[in-house]
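Let us read this structure together, one feature at a time. Keep the sequence and the model in view.

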Amino acid sequence: MSGHAGEPFAELPVAPKPPLRRFHQARWDEPIIFEQSRPGRRGVAVPAAGVPAVELPASVRRAEPPKLPEMSQLHVLRHYVRLSQENLGVDQAIAVGQGTCTMKYSPKVNDRFVTDPRIAELHPLQPEDTVQGVLEIYWRLERMLAEISGMYRVSLQPASGSAAIYANVAMIRAYHASRGDAEQRDQVITTMFSHPSNAACAKVAGYEVITLLPDENGYPDIEALRAAAGPRTAALMITNPEDTGIFNPRIEEFVRIVHEAGGLACYDQANANGLLGITRAADAGFDLCHFNLHKTFSTPHACGGPAAGASCVSEALAPFLPSPTVEFDGESYRLDDDRPQSVGKMRPFLGVTPNVVRAYAWIMALGAEGLREVAETAVLNNNYLMRKVLDIPGTGTHWDRNRLEQVRYSWQGLFEETGVHSEEIGVRAADFGVHYWTSHHPFLVPEPFTLEPTESYSKEDLDEYAAILAHVADEARRDPDLVRGAPYNQTIHKIDPATLDDPKQWSPTWRAYTRKHLA
Amino acid sequence: MTPVRPRVPGFTVGLVVNPVAGIGGPAGLKGSDGERTQRLALARGASPRAAERAAQAVRALLARRPGTSILTVAGPMGEDSARAAGANPLLVPFAPGDPSEGRDTTAAVEAIREVVDLLLFAGGDGTARDVLDGAPSCPALGVPAGVKVYSGCFALSPATAGVMAAEFADARETAEAEVVDLDEDAYRRGEVGPRLYGTLRVPAVRSRLSGRKLGSAASPGTAEAVAAEVVTRMRPGARYVLGPGATTMAVGRRLGLATTLLGVDVVQDGALVASDVTEKQLLDLVDGRETHAVVSVIGGQGFVLGRGNQQLSPAVLRKIMASGGLVVLATQQKLAGLGGRPLLADTGDPETDALVEGYVPVITGHRESALYRIRPATEEFPA
């Protein structure tokens, strides 16, 4: 509004923003890309190459062309831009609600290194002498992670956190096998609030899992560990701080008990956001640990796609590392495939190179002092947010303990008062442009929600997030059906959660969707 | 009175309220069973709270599913609460005593069980027993309104009961939940500990049964997974004494054997050695061979010995502990629900209690277990 002097509008102030953001997510009703395919439509018309066609053997030739969507460039671009607008992520939301997943900012400058042709156009089968630069990045990141964890060697091959845990389980098994007691050591001990991937990977590797529950103080029961540890113990696999955000102060004792029983101690440091530069796995006596580069070291999470894990081991476990390792003789870098005791490959080739580059750049930008400041800021942010959240009537925590980088809260009080579930609060919060996650199943903390603010978010972000939760809790009291009817401002309305439990309805691919729903 | 048709179309919820449930609690009487207690409570100025709690449940149900028909009996045993919640209930002919007693609850359940999709009942563990006696052919769900609410068939709160009832209209999945009750006279003397009376079918609406009070069947698949693991771990030639409970019964089912819910059974090498045995029989059956006792956690307090499985007497347990040992069955959720408190043994003999004290394997699922403390109840609750 452009008012001239003397006009009545000129004196009017700009209308103030309401206390909560008036958010509305984009809603495109976008069809699946395969449904938009039209026969013959093309993104690029590739000219004839002028090179004689190579006759492929019949055994490798397709009987019919692949059923890929046929679209123009514009339509492909538009499709993915629309999908990106129907998303809530770190780049546009206050993503503190995905506790245990550590949704921190991924600096955009690091993407420039990744898209640089010197990285983007590398081929995984290039001769070693032509990829010395990227091997150097692998080597240097390995040495940094070895320093951060105190461990001897690191493998950057695992393509996810759980793949790194699995690599660690495989190395534990190989270690015991090398000593002739793999058969006897058939149990892995974990704790109730360790990340469930530890129990899952141990089971997949064939181990029986023994779980330690919290004692009255919220710490894993150390007497139960004493009772569990013995000649059948292969390893303790433990997260610390646990998913509750509570740090176990007797962790060195835990490690010692397992060592005395002949087992190994493996530290899940996927999320080391409360620990960087403060404690080291090796200093507590651990034999193995792992990091998720996408939790602690800022790389994108990638929706179950190419994240990246780092498996870190002591000198005694180094012979069992996944193959190949990157070696440096002081002059040049090479890949070592000649590792007779190695557990083998976790994935093809080296690792998820773009994320290795991003993590390397992130650490280089921060330096050692910067890493410690990340941890201190994450813990400070979390404890600030905890005070704000616990001021909201109806919230609570299970144990009155200091928390490091995250907290598993409970809406039990609100639920008993209103009948509104934690999941419903989370869905309603999405109407204000944020979301949250409840907890792994089964819900051991009733009506749970898990917040983790990391170092990325400002005080104003945390205030806004807490204000949204307080507002929704207030709505639950005044008008529970309003909350239950949510979301109203989102891309889609409600989904039927029952479909998540029904394999007849799952469709992870278009082919499965066609078979299950269009046949 | 609205006439009742044999089958009411749509989703119909039956409502039975024990109007005196919970009256003894605020009066410090640790329960409300018996007319004398109820008179005493009223004399102490207590007022019944079951009617309002039942109304809260119906209100939450109708808020989620406005078209739901409510079928109940006249007066304080249901109609009053339904009307207080804004419902216009259908009534079945029924004449309770005044004041109403446990058998009135049973009779009311019998009167409406055939024509409803789900029975909501408001009360405590005593009410749940009366409902059980009415052998409901439909699933049932308790609205917690009593002093003692240890049974697994109760929702966490009245509002939750209403929400679960509404969700059940679509999901229609059920799970078994245990009905346990305390001997109130013993409870008043400070001797706590519930006994298992049977199981009711309750709604199993996805993860909604995650409450602390829900018994062994929090998720329908879990009991089966636990049972499968028990069977996998059974050793040839060893005998297994299966205590009462839904999860131990699942072990029998897994073996293809007709073991009992409330009794103690003995199996060996996949065969039933003896069913519903007495302590005296057990003494012979466990003699001179490797024997393990397989027991589940009864109710919310963590009792594993001395409640509902008194056949496992001190003499029997001493033989078992010398030859095999104790295996406890529980979900992780149930263990977590103890909040760090130990499992409890109260065999009546301090030496036997001391014998089982310590860490016991608790089978929680397929290839998984926990190690958890057992303590003598006499030490946990000193007189």
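Q: In which loop is the place of Pro487(A)?
A: Pro487(A) sits in the loop between α14 and α15 (510-518) of chain A. Helices (H or I, at least four residues) and strands (E, at least two) are DSSP runs, numbered from the N terminus. The peptide bond leading from Ala486(A) into Pro487(A) is cis, with omega near 5°.

Q: What should I know about the model and the numbering?
A: The model is predicted: local features need pLDDT of at least 70, side-chain atom pairs count only at pLDDT 80 or more, and totals for chains, interfaces and linings use all residues. Residues are numbered from 1 along each chain as its sequence is written, chains are lettered from A and ligands numbered from 1 in the order in which they are written, and side-chain values use heavy atoms, with hydrogens and water left out.

Q: Which peptide bond is cis with omega near 0°?
A: Most residues other than glycine have a negative phi, and most peptide bonds are trans. The bond from Ser323(A) to Pro324(A) is cis. Pro324(A) is in the loop between β7 (309-313) and β8 (325-328) of chain A. As for phi, Ser298(A) has a positive value, near 75°, and is not a glycine. Ser298(A) belongs to the loop between α9 (293-296) and β7 of chain A.

Q: What area is buried between chain A and chain B?
A: The size of an interface is often given as the accessible area lost when the parts come together. Buried area here is the accessible area (1.4 Å probe) that two parts lose on being put together, summed over both. For chain A and chain B the value is about 2,800 Å², and carbon and sulfur atoms give 51% of it. In chain A, Lys203(A), Leu213(A) and Glu416(A) lose the most area to chain B, together 18% of what that side buries.

Q: How many residues of each chain are in contact?
A: Contact means heavy atoms within 4.5 Å. On that rule, 33 residues of chain A touch 29 residues of chain B.

Q: How many salt bridges does the rule find across the interface of chain A and chain B?
A: A salt bridge is a side-chain nitrogen of Lys or Arg within 4 Å of a carboxyl oxygen of Asp or Glu. Five cross the interface of chain A and chain B. One of them joins Lys203(A) and Glu368(B) (2.9 Å, N to O).

Q: Which strand of chain B pairs with β3(A)?
A: Two strands pair if DSSP finds at least two bridges between them. β3(A) pairs with strand β16 (residues 368-376) of chain B, in the parallel sense, over three bridges. Thr211(A) stands opposite Ala370(B) in β16(B).

Q: What is the strand order in the open sheet of chain B?
A: The order of the five strands is β3-β2-β1-β4-β5, with parallel pairing. The edge strands are β3 (90-92) and β5 (140-144) of chain B, each pairing on one side only. Strand β4 (residues 118-123) of chain B and β5(B) share five bridges. Ala122(B) has Val143(B) as its bridge partner in β5(B).
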